[in-house]
Structure formats: C-alpha cells, structure tokens
Amino acid sequence: MNNNRIVGSLPNMFSSLSANLLVMDVGSNSLSQTLPVTLLKLEKLTWLNVGQNKFDGSISTEISGMSNLVNLYLNNNKFSQSIPGEIFQFAKLQYLYAQSNRFNSNLPVVENTIDLLVIRLDKNSLTGSLPLSFWSSTALEALNITDNMF
C-alpha cells in the first residue's frame, strides 16, 4: 500500500488481520492522526513502514509487543513527545528511521548494548545526551542525530 495517495486515518481493524502478517508498508501516503494501538499489537511483524505520512501524537508503549521488528520506519511524520524506550529493547531491530518528526524529549535510557545497524533520529527536537549504549555498540554502522537540541 506504499505510495498510493491514501488519505485519512488507518482504520482500527488490525486485530482482524492475520496474526502471521510479517510486513506492513503504508509509507508515502497522506495517513494522519495517531497509530492505532491494534496495529502495534501485530507481534509477528518484521517490517513496519509508516514513514512519509502525516501521523501525529505520541507512539504508544504498546509498541513493546512488536519485538520481532527488524525494520521500523517512523520517519517524516509529526510524531511528538518521546520515542518509546521499548523500541531500543527489540533484540532483532536493525534499522530505525525516526527522522523528521517532532520528538521533543530526552532519549530513553537504554541499559543493554544496542545491536542496531542504522539509527536515524535527525531533524527532531531531542534533548539531553546520547545513552552510553549508543557509543558502546559494535554493530552500529550509521548514526545520524543532527538537527536536534543535544
């Protein structure tokens, strides 16, 4: 459903989708409002792209159920408040794109070493300092935190 000029909000119907759904790509549309909590409960998803839409508000901590994610695209929306710390606990997550939003808090404290390969957090309003686990990662290949308030 990527790049189909879909307008409006995502319907709250994701609980009826297959529990075996692995990939959901609704990027590059004009979807708005908040992410439905039922979407965040699709536990087998490995790829979620909601980038380049008009989503706003905060991302629910219900995202913690998506622990099989490998690729997460939240970029180019209007998400605000904080990036849920649960995202950084996903053992399989390799690519996190959350740039060009309105996140405006400190990054969460991350206790474990991050195994992400790519982290894009640029063009937000993040404050504070980078967690030490970002610096101790041996897997990290690209980190972009430019255009924030660090």
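Buried, as I use the word, means under 20% relative accessible area, exposed means over 50%, and partly exposed lies in between, with a 1.4 Å probe and protein chains only. By that definition Asp122, at 2% relative accessibility, is buried.

A word on the source. This is a predicted model, in which local features need pLDDT of at least 70 and side-chain atom pairs count only at pLDDT 80 or more, while totals for chains, interfaces and linings use all residues. Residues are numbered from 1 along each chain as its sequence is written, and side-chain values use heavy atoms, leaving out hydrogens and water.

Back to Asp122. Its side chain meets that of Arg120 in a salt bridge, at 2.8 Å from N to O. The term means a side-chain nitrogen of Lys or Arg within 4 Å of a carboxyl oxygen of Asp or Glu. Arg120 is partly exposed, with a relative accessible area of 26%. How many salt bridges does a search of the whole structure find? One.

Now the strands. A strand here is a DSSP run of E, at least two residues, numbered from the N terminus, and two strands pair if DSSP finds at least two bridges between them. Six of them form an open sheet with parallel pairing, in the order β2-β4-β6-β8-β10-β11. At the edges, β2 (23-25) and β11 (142-144) each pair on one side only.

Within that order, β6 (residues 71-73) is joined to β8 (residues 95-97) by three bridges; Tyr73 has Tyr97 in β8 as its bridge partner.

Other parallel pairings involve β7 (residues 78-81). Two bridges link β7 to β5 (residues 54-57), with Asp56 partnered by Lys78. Two bridges also link β7 to β9 (residues 102-103), where Gln81 has Phe103 as its partner.

Technical notes. Helices (H or I, at least four residues) and strands (E, at least two) are DSSP runs, numbered from the N terminus.
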